[in-house]
Amino acid sequence: MGYRIVLGIESSCDETGAGLVRDGRLLGHALASSMDEHARFGGVVPEIASRAHLQALRPVVRQALDEAGLRLSDIGAVAVTTGPGLSGALQVGLAGAKGIAYALGVPLYGVHHLAGHVAADTLEHGPLPNPCMVLIVSGGHTSLLLVRDLVRDPIVHLGDTLDDAAGECFDKVARVFGLPYPGGPAVDRAARVGNPGSVAFPRPLPGSYDFSFSGLKTAAARWAEGHSGRELPVADGAASLQEAIADVLTRKAVAACAEHGVGTLVVVGGVAANSRVRSLAEERCRAAGIELRVPPLGLCTDNGAMIAAVGDLLVRAWAEPAPLNVSIDPSAPLEHAALQPGAALAGVA
């Protein structure tokens, strides 16, 4: 008898994802995004996101099952993002996951969204080395982590975002530059024909593993303001901004690997899809003799497959499932892969 098939559900922000994983292998996944509905507002509107999740959840689960050639009754466990994220959006995913788990009589696991990003890499490259260094770069989070056993050991934070995360910086500066939302892909496209050395943007917190991109955002805004009445050289600004962010991220990550004697760097999260972040990470890891692992582009952004991957690891580690009255935690810190707020109230240690 093999391992259970795990259904993963992700609904923390503006993407509704469902994925199916068994024994470390991705069987099928599907994704629906409400990004276009938020674009005219220049950012995610929580109420619009929640309503979009309500409409998309059942079709996305059905699409993932169809892709895998499975039926709902084949599911042996359900994993769902319970934090961090938008409160209403998380509630939609959790309610759907609870309904499926209860109807099928299968275990339910609450998963930390960022642990999902880490686990996404296992679907492409296999088990994570123990230990490994993980750089998470997403819209709201930038963290440098020392990871041993993802689902058994506490996650050690070497550095975290002090203000704006890398993804926030991309979004906010893109707006100043007149580029569309989401800002990360827009900056990446504009930067292709720009000169990355044309603007001397600052490199924040050079002596720390923490991250601060608020000053860089302000510097970019002031640079743009300095062109008032003249055409803004957007490509050069985008290339210089992207270079500054990629430089800070990869320099700190490679230095942390050297200091802690870790031979593998895993870069995950939506900003890991950025072309310059990927290429500079490859260049610096190669020079330092460090193995670099980055998930394929489709698994970098939010998706249900990554949540199913954590659930699959929890199932194989014989982890305690969550109670069916488990709740969400929209601002949950990343300490463990399993995130089960409300479990203590239910009498589960």
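These are my notebook entries on a predicted model of one chain.

**Overall form**

I began with the chain as a whole. I counted 11 helices and 10 strands. For the extent, I took the C-alpha atoms along the principal axes and found that they fill a box of roughly 65 × 45 × 40 Å. I then checked the radius of gyration: a compact globule of 349 residues would have a value near 20 Å, and the chain has 20 Å, which agrees.

I looked up burial next. Of the 349 residues, 53% are buried.

**Largest pocket**

I turned to the pockets. The largest has a volume of about 1,100 Å³. I listed 39 residues in its lining, and those nearest the centre are Ser138, Gly139, Gly140, Asp171 and Tyr181. Helix α6 supplies the largest share, six residues. I sorted the lining of the largest pocket by type and got 13 nonpolar, 16 polar and 10 charged residues.

**Second largest pocket**

The second largest pocket has a volume of about 340 Å³. I found 17 residues lining it, with Thr122, Pro127, Leu128, Leu313 and Arg316 closest to its centre. Helix α11, residues 304-316, gives the most to this lining, with four residues. By type, the lining of the second largest pocket holds seven nonpolar, four polar and six charged residues.

**Helix α7**

How many of its nine residues are buried? I counted seven, so α7 is largely enclosed by the rest of the structure. The buried residues are Gly183, Gly184, Ala186, Val187, Asp188, Ala190 and Ala191. I looked for what covers them, and the cover includes α6, α9 (234-260) and α10 (275-288).

**Cis peptide bonds**

I noted a cis peptide bond between Gly83 and Pro84, with omega about -15 degrees. Pro84 sits in the loop between β4 (75-83) and α3 (87-104). I noted another cis bond between Asn130 and Pro131, where omega is about 5 degrees. Pro131 belongs to the loop between α5 (122-125) and β6 (132-137).

**Positive phi**

I also looked at phi. Asp23 is not a glycine, yet its phi is positive, about 50 degrees. I placed Asp23 in the loop between β2 (15-22) and β3 (25-33). Is Asp23 buried or partly exposed? Asp23 is partly exposed, with a relative accessible area of 43%.

Leu205, also not a glycine, has a positive phi of about 50 degrees. I found Leu205 in the loop between α7 and α8 (214-225). Leu205 is partly exposed, at a relative accessible area of 32%.

**Pro154**

My last entry concerns Pro154, in the loop between β7 (142-147) and β8 (156-160). Which residues does Pro154 touch, leaving aside those up to four places away in sequence? I found Glu335 and His336. I also took the C-alpha to C-alpha distance from Pro154 to Leu70: the two are 34 Å apart in space and 84 residues apart in sequence.

Technical notes. Residues numbered from 1 in each chain as written. Predicted model: local features only at pLDDT ≥ 70, side-chain atom pairs only at ≥ 80, totals over all residues. Heavy atoms only, no water. 1 Å grid on protein atoms, 1.4 Å probe; cavity = no way out; pocket = protein on both sides within 12 Å on 5 of 7 lines; lining within 4 Å. Points joined across faces, edges and corners; volume = space filled by probe spheres on them. Helix = DSSP H or I, 4+ residues; strand = E, 2+ residues; numbered from the N terminus. Nonpolar A, V, L, I, M, F, W, Y, C, P; charged D, E, K, R; others polar. Buried < 20%, exposed > 50% of the residue type's maximum accessible area, 1.4 Å probe, protein only. Contact = heavy atoms within 4.5 Å. Rg over C-alpha atoms; globule rule 2.2 N^0.38 Å.
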